[in-house]
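Me: I am new to this structure and would like to go through it by question and answer. Please show it to me before we start.

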Amino acid sequence: MISSYLKVFLLLLLCINLVTGRAGQYVTCGSAIKLQNLAYKIRLHSHDVKYGSGSGQQSVTGTDTTDDVNSHWAVLGPLNQTCKRGEPIECGATIRFQHLTTRKFLHSHLFSSPLSGSQEVSAFGENGNGVGDSGDHWRVICDSDFWERDDSVTFKHVDTSAYLASSGHAYGRPINGQLEIVGLTRLDSSCHWQTAEGLFVHTSNFNPKQNQNKPEHNEL
């Protein structure tokens, strides 16, 4: 008869193997991803264009262009903390998104957005050196233990409790046709996001052969 200690050990070993085998399905620390808004089919985007009102910080928008390099965001740990490169992001974890082109962080605060008057979302970082503040912190809200690539997830701003969303309002020049990105106090369909294209970093013990039947988002 198998002892109770051995049963516990075998159960733990099974759980570890399941997590390891599914590692390729997860969004991981250090990955560079594009985020697609499921309601408007746009990708989270930024560029060196500042808001003409509100904070005057670098604007964040949504674009329907799939191959724009200005839509890449690195997944990082909270300010003054590190997450291990390649480790899956847990549901409920606090993270930051760093815009790869300008090195600024996805940010929000109690300024009004320019088109809808919702909460402004910007890209922030002093002097281009990637140093931000607690306004860069977002909590990953999802239903599993870890953030899975194909899941619909929401991002809750830690400082203000607003959800990352799009208002659906379109800008004119110089960013004609791009949609406004905002923070909303209540969840609706515009608050749901999914990973699209990206470069996903895996832990050293990840075995891609265990994940052959799972399609990979790996194009930049």
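Me: What is the mean pLDDT of the chain?
Reply: This is a predicted model, and 80% of its residues reach a pLDDT of 70 or more. Over residues 5-21 the pLDDT is below 50, and that stretch has 8 contacts beyond near neighbours in sequence. Residues 206-220 also stay under 50, with 29 contacts beyond four places in sequence. For the chain, the mean pLDDT is 85.

Me: How many disulfides does a search of the whole structure find?
Reply: Another joins C91 to C142, at 1.9 Å from S to S. With the bonded cysteines numbered in sequence order, the pairing is 1-2, 3-4. The number of disulfides found in the whole structure is 2.

Me: Is the disulfide of C91 and C142 right-handed or left-handed?
Reply: C91 lies in the loop between strand 4 and strand 5, and C142 in the loop between strand 8 and strand 9, so this pair ties together parts 51 residues apart in sequence. The torsion about the S-S bond is about -115°. Because of that torsion, the disulfide of C91 and C142 is left-handed.

Me: Is C83 buried, partly exposed or exposed?
Reply: C83 has a relative accessible area of 27%. Buried means under 20% and exposed means over 50%, so C83 is partly exposed.

Me: Which residue meets R43 in a salt bridge?
Reply: A search of the whole structure finds 2 salt bridges. In the one with R43, the side chains meet at 2.8 Å, N to O. R43 is in strand 2, and the partner is in strand 12, 154 residues apart. Both residues are buried, and the partner of R43 is E197.

Me: Are the side chains of K50 and D48, which meet in a salt bridge, on buried or exposed residues?
Reply: The side chains of K50 and D48 meet at 3.7 Å, N to O. K50 has a relative accessible area of 56%, and D48 has 61%. Exposed means over 50%, so K50 and D48 are both exposed.

Me: Do strand 4 and strand 5 run parallel or antiparallel?
Reply: Strand 4 is joined to strand 1 by 2 bridges, in an antiparallel arrangement, with A32 opposite A74. Strand 4 is also joined to strand 5, by 4 bridges, and L76 stands opposite R96 there. Strand 4 and strand 5 run antiparallel.

Me: How many residues are in the largest nonpolar core?
Reply: Among the members that touch the most others are L44, V60, F97 and F155. Strand 1, strand 2, strand 4, strand 5, strand 7, strand 8 and strand 11 each supply at least two residues of this core. Apart from it lies another core, of 5 residues, C191 among them. The number of residues in the largest core is 30.

Me: Is S59 buried or exposed?
Reply: S59 lies in strand 3, which covers residues 58-63. Leaving aside its neighbours within four places in sequence, S59 is in contact with residues including H45, H47 and Y51. H47 is 12 residues from S59 in sequence and 6.9 Å from it in space, C-alpha to C-alpha. The relative accessible area of S59 is 2%, so S59 is buried.

Definitions and conventions: Residues numbered from 1 in each chain as written. Heavy atoms only, no water. Buried < 20%, exposed > 50% of the residue type's maximum accessible area, 1.4 Å probe, protein only. Contact = heavy atoms within 4.5 Å. Disulfide = S-S within 2.5 Å. Pairing = 2+ DSSP bridges. Core = buried A, V, L, I, M, F, W, Y, C linked by side-chain atoms within 4.5 Å. pLDDT = per-residue confidence, 0-100. Salt bridge = Lys/Arg side-chain N within 4 Å of Asp/Glu carboxyl O.
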